Amino acid sequence: MSGHSKWSTIKRKKAATDAARGKAFTRIIKEITLAARAGGDPDGNPRLRTAIQAAKAVNMPAANIERAVRKGTGELDGATIEEMHFEGYGPHGVAILVECATDNRNRAANDIRHLFTRFGGSLAAAGAVSYLFRTRGVIVVDRAAIAEDALLELALEAGAEDVVAEGATFEVLTPPSAFESVREALAARSVAMSSAEVTRLASIHVTLTEQGAGSVLRLIEQLEENDDVQKVYANFLLPDEVLAKLTQ
């Protein structure tokens, strides 16, 4: 978990640029559109509710959110967005799972295959690496926001699985079905959350050296830059000394 937490924190800081924010808008709009296919009422659609929360977190205008919902429900015309998943291995045997949302399946498949090959990886058959990742809710809370015992009691009562202390933060881990109830319980108690997302956590990790980290991160960064890519998950772990050098 520590590798997920530390690297995710760094990525959130990197995302605080205008260009990155624009890309975040595009990805969230796609997620809202996909989620709205199951119904345009967020009260009865947890996936849509989570997507709208993510949109508000990056200050997306309400008009953009409403338009994305209406496209998803079919009230507005627009390109058909499809979900695709790719599995593969990066340098040093790192397992990588890529989630895409695209209006052109052939383009997405060709682009992802090209990036894996170009940066020292290879695509694999469906199921080759996905079994290594579990879907979990992860809510990050600053240590200063609440005492650990109080957070543990509050989170577990709301359905969380565990609370893990990680540096200056706590990570609240939940099953996907309990993510919204836990987040709402924390919000009701005015517990400030640094981030809250449903993600995929690796059950087995590959620890990387500084040199190995460079080649793996180049591939992951290129995948994340692709317009069709929504999320990239990988099972690498960065020791503290390697992480410190990468963020200097």
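Predicted model: local features only at pLDDT ≥ 70, side-chain atom pairs only at ≥ 80, totals over all residues.
Begin with helix H6, residues 148-158, and helix H7, residues 179-188. Their axes lie 8 Å apart, and the two helices pack at an angle of about 140°. That angle makes H6 oblique to H7, because only angles over 145 degrees count as roughly antiparallel. The crossing of H6 past H7 is right-handed. On the H6 side, the residues that meet H7 are Leu-151, Leu-154, Ala-155 and Ala-158. Facing them in H7 are Ser-181, Val-182, Ala-185 and Leu-186. Sorted by type, the residues of this contact between H6 and H7 are 7 nonpolar and 1 polar, with no charged ones.

The crossing of H3 and H7 is left-handed, while that of H6 and H7 is right-handed. From H3, the contact uses Pro-46, Arg-49, Thr-50 and Gln-53. From H7, it uses Phe-179, Glu-180, Arg-183 and Glu-184. The residues where H3 meets H7 divide into 2 nonpolar, 2 polar and 4 charged. For the contact of H6 with H7, by comparison, the division was 7 nonpolar, 1 polar and no charged.

The next pair is helix H5, residues 105-118, and helix H8, residues 210-225. How do the axes of H5 and H8 cross? They come within 9 Å of each other, at roughly 165°. H5 and H8 are therefore roughly antiparallel to each other, since the angle is over 145 degrees. The crossing of H5 and H8 is right-handed. In H5, the residues that meet H8 are Ile-112, Leu-115 and Phe-116. In H8, their counterparts are Leu-219, Gln-222 and Leu-223. The residues of this contact of H5 with H8 comprise 5 nonpolar and 1 polar, and no charged.

The largest share comes from H4, with 5 residues. By type, the lining of the second largest pocket divides into 5 nonpolar, 5 polar and 6 charged residues.

Notes. Residues numbered from 1 in each chain as written. Heavy atoms only, no water. Axes fitted to C-alpha atoms, helices over the stretch in contact; angles between N-to-C directions. Helix = DSSP H or I, 4+ residues; strand = E, 2+ residues; numbered from the N terminus. Parallel < 35°, antiparallel > 145°, perpendicular 65-115°, else oblique. Left-handed = near helix turned anticlockwise from the far one by under 90°. Contact = heavy atoms within 4.5 Å. Nonpolar A, V, L, I, M, F, W, Y, C, P; charged D, E, K, R; others polar.
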